[in-house]
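Let me put the model up and walk you through a few places in it.

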Amino acid sequence: MSKRFVETLHESYAQSLSVDKVLYDNASNLQHIQVFENRRFGRVLTLDGVVQTTQGDEFIYHEMLTHVPILAHGNARHILIVGGGDGGMAREVLRHQSVETVTMVEIDERVIAFSKTYLPSLSDGAFDDPRLNLVIADGADFMIESVDKFDVIIIDSTDPIGPGEALFTDHFYSHAKNSLAGGGVMVTQNGVPFLQPDELRSTMHAFQRLFVDWGCYTACIPTYAGGPMAFGWGALSPAPRNVSVDMLRERLTAARLDLAYYTPDVHKAAFSLPRYIEKLLP
Ligand code: AG3
C-alpha cells in the first residue's frame, strides 16, 4: 500500500490521501508545512497535519470566498485578506479589474515563499500584481492597529487551533468590523459545521451582536471533508445579501470572469441552509 497522509483535525473522523510524492516537508517554528502530490487532487498543502488546499478543489473555496462578497457588494475597490499565504485568494480577488488595492496580511512568510515555489498555480502571478500590498504580521494585531477601511474583508484562516485561533475571537471580529467601509462585507472560513458545530455557533453569536446583516452560506469542498463548509457573512447593510440574481448576472458579465464554480444561482442558493446548520445560528 502506498504511503498515506491521515489528517489529524477531528477526533472521531479522518480522511486519508495517498502521498504519491513528497515535495516539501519542513517544521518551521510556527507551523509544520508539507506539500505532496496526490493522483486525484494534484498538489496538496498541509499545515500541522490539516489539509489547507489542493490544486484539484481549491477553486471552490477561493471562488466562494471572493466572488460572493465582491459581486454582492457591487463596488468593492479596497479588499483585505487575512491569511491566504498560498496566494489563491489574492489571485481570485485580483481577477476583478475594478479592485484597486488588495492588502494581504499573512503571519508566516514561509507559507508565501514555498507556495510560490511548490504551488505556483495557486497565486498564478498574484504576488507580482502592483495592486497587492503584502504585510507579514499577525492578523489580529494588524486589525487593531490599522486605520484603513476596506469594502470587503476576507478571513482565509486555518482552523481555530494554533496561530489561527486569534482569528475566531469576538475581539478580532469587532476590530475587523471597525475596519469595514460603509456598505462593507466581511466573510470568514468557518469550518465544516457537521464536525465543527461550535466553531460556527460562536462566530454567529459574535456576528449577531456586531452586524446589521449576519449569517452564513455554504459550499462543499471535497478535501474539507464532512459535509458542506460554512462561510460567515457579516455586513453593515442588508443590501449586499439582498442583491437580485439578475443584478449578480449583470455584474458578473461586466467583470468578464470565466469561473469554474461560482454562478449567480449558486451564489443565491448558497445562503439556503439545511436545518441542522440553521439550528446552530442564534
Ligand atoms: N484555509 C482553510 C482550511 C480549513 C480546513 N478546515 C477543515 N477542513 N475543517 C484554506 C487556505 C486556502 N487559501
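This is a predicted model: local features need pLDDT of at least 70, side-chain atom pairs count only at pLDDT 80 or more; totals for chains, interfaces and linings use all residues.

Residues are numbered from 1 along each chain as its sequence is written, and side-chain values use heavy atoms, with hydrogens and water left out.

So, the ligand. Which residues surround it? Among them are Leu9, Val51, Gln52, Tyr61, His62, Asp156 and Ser157, where a residue is near if one of its heavy atoms lies within 4 Å. Now the polar contacts, meaning pairs of N or O atoms within 3.5 Å. A side-chain N or O of histidine 62 is 2.9 Å from a nitrogen atom of the ligand. With serine 157 it's a backbone N or O atom, 3.0 Å from a ligand nitrogen. Glutamine 52 brings a polar side-chain atom to 3.3 Å from a nitrogen atom of the ligand. Taken alone, the ligand exposes 400 Å², and the protein buries 98% of that; those areas are Shrake-Rupley with a 1.4 Å probe.

As for elements, β6 (50-54) and α1 (58-73) are the ones giving two or more residues to the shell around the ligand. Helices here are DSSP runs of H or I, at least four residues, and strands are runs of E, at least two, numbered from the N terminus.

Next, methionine 89, which is in helix α2 (residues 88-94). Buried or exposed? Methionine 89 counts as buried, because its relative accessibility is 0%; the cut-offs are under 20% for buried and over 50% for exposed, with a 1.4 Å probe and protein chains only. Leaving aside neighbours within four places in sequence, methionine 89 is in contact (heavy atoms within 4.5 Å) with residues including Tyr61, His62 and Asp156.

Last stop, backbone angles. Most residues other than glycine have a negative phi. Aspartate 124, though, has a positive phi near 45°. Aspartate 124 is in the loop between α4 (120-123) and β9 (132-136), and counts as exposed because its relative accessible area is 58%. Arginine 256 isn't a glycine either, and its phi is positive at about 50°. Look for arginine 256 in the loop between α9 (245-255) and α10 (264-269); at 75% relative accessibility, arginine 256 is exposed.

How values were computed
A polar contact is a pair of N or O atoms within 3.5 Å; within protein, one must be able to donate a hydrogen and the other to accept it, and residues adjacent in sequence count only if both atoms are side-chain atoms.
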